[in-house]
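Visitor: I would like to go through this model and hear the grounds for each label. Please show it first.

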Amino acid sequence: MAMAVLPIIEAPDRRLKVRSEPVARVNDEIRRLLDDMVETMRVAPGIGLSAIQVGVAQRVIVTEVPEKTAEDQPAKATTLYLVNPEITWTSDSLVICEEGCLSIPDQFADLERPAEVAMRYLDRNGASQELKAAGVLARCLQHEMDHLEGILLVDRLSPVRRHMILRKLAKARKKPAFA
Ligand code: NI
């Protein structure tokens, strides 16, 4: 079946504040959602997307983070399909990294988070999986996990920085498309 590009909800929108519900069963409907989310993420383009960003309040995440496996090889992106994901471990070491969000287009902010995470989740066949991630993937997974709790990256900033970013976002929207 052809995949569909879904509209991405942008801040400020009350739906992005909703805590997503666990998926009862990984069935064809969920696989369809996963596929549509991957297509939507690629077109955006982005490296991660949570279901609530396309208006579905279920605990579903997709990521596609390019990773270099060898120095002489081009970076290859592995697509991860995560249903009911949980963070089971975070490293004590923290790292500051610039973060963006498809729901807050073209705005970026430095944010401190654990450098590494371990996760448990169901894959697109409903099988239980575990992974450990560092670098951009660890960052992306934590960002998407926040979405499942109704937390946006701006919610992790000081009120002053949050208002600055949301004001810039509102201003950018008012500009004509050719500007
Ligand atoms: Ni986001």
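Guide: Strands β2 (residues 60-67) and β3 (residues 76-90) run antiparallel and are joined by 8 bridges. The model is a predicted one.

Visitor: What makes β2 and β3 a pair?

Guide: Two strands pair if there are at least two bridges between them, and β2 and β3 have 8 bridges; therefore they count as paired.

Visitor: Why is S50 called buried?

Guide: Buried means under 20% relative accessible area. S50, a residue of strand β1, has 0% relative accessibility, so S50 counts as buried. Leaving aside neighbours within four places in sequence, the contacts of S50 are M37, V60, I61, E144, H147 and L148.

Visitor: Which residues coordinate the nickel ion?

Guide: The nickel ion is coordinated by C101 through SG, and by H143 and H147 through NE2, at 2.1 to 2.2 Å.

Visitor: What makes these atoms donors?

Guide: A donor to this metal is an N, O or S atom within 2.8 Å. The coordinating atoms lie at 2.1 to 2.2 Å, so they qualify. Along the chain the donors follow the spacing C-x41-H-x3-H.

Visitor: Why are H143 and H147 separated by about one helical turn?

Guide: H143 and H147 are 4 residues apart in helix α2 (residues 135-148), which means a separation of about one helical turn.

Visitor: Are H143 and H147 buried or exposed?

Guide: With a relative accessible area of 7%, H143 is buried. H147, at 1% relative accessibility, counts as buried.

Visitor: What makes R25 exposed?

Guide: Exposed means over 50% relative accessible area. R25 has 60%, so R25 is exposed. R25 is found in the segment before α1 (28-43). The C-alpha atoms of R25 and N125 are separated by 9.9 Å, while the two residues are 100 residues apart along the chain.

Notes:
Residues are numbered from 1 along each chain as its sequence is written. This is a predicted model: local features need pLDDT of at least 70, side-chain atom pairs count only at pLDDT 80 or more; totals for chains, interfaces and linings use all residues. Side-chain values use heavy atoms; hydrogens and water are left out. Donors are N, O and S atoms within 2.8 Å of the metal (3.2 Å for Na, K and Ca); water is not among the atoms, so sites may look incomplete. Helices (H or I, at least four residues) and strands (E, at least two) are DSSP runs, numbered from the N terminus. Buried means under 20% relative accessible area, exposed over 50%, partly exposed in between (1.4 Å probe, protein chains only). Contact means heavy atoms within 4.5 Å.
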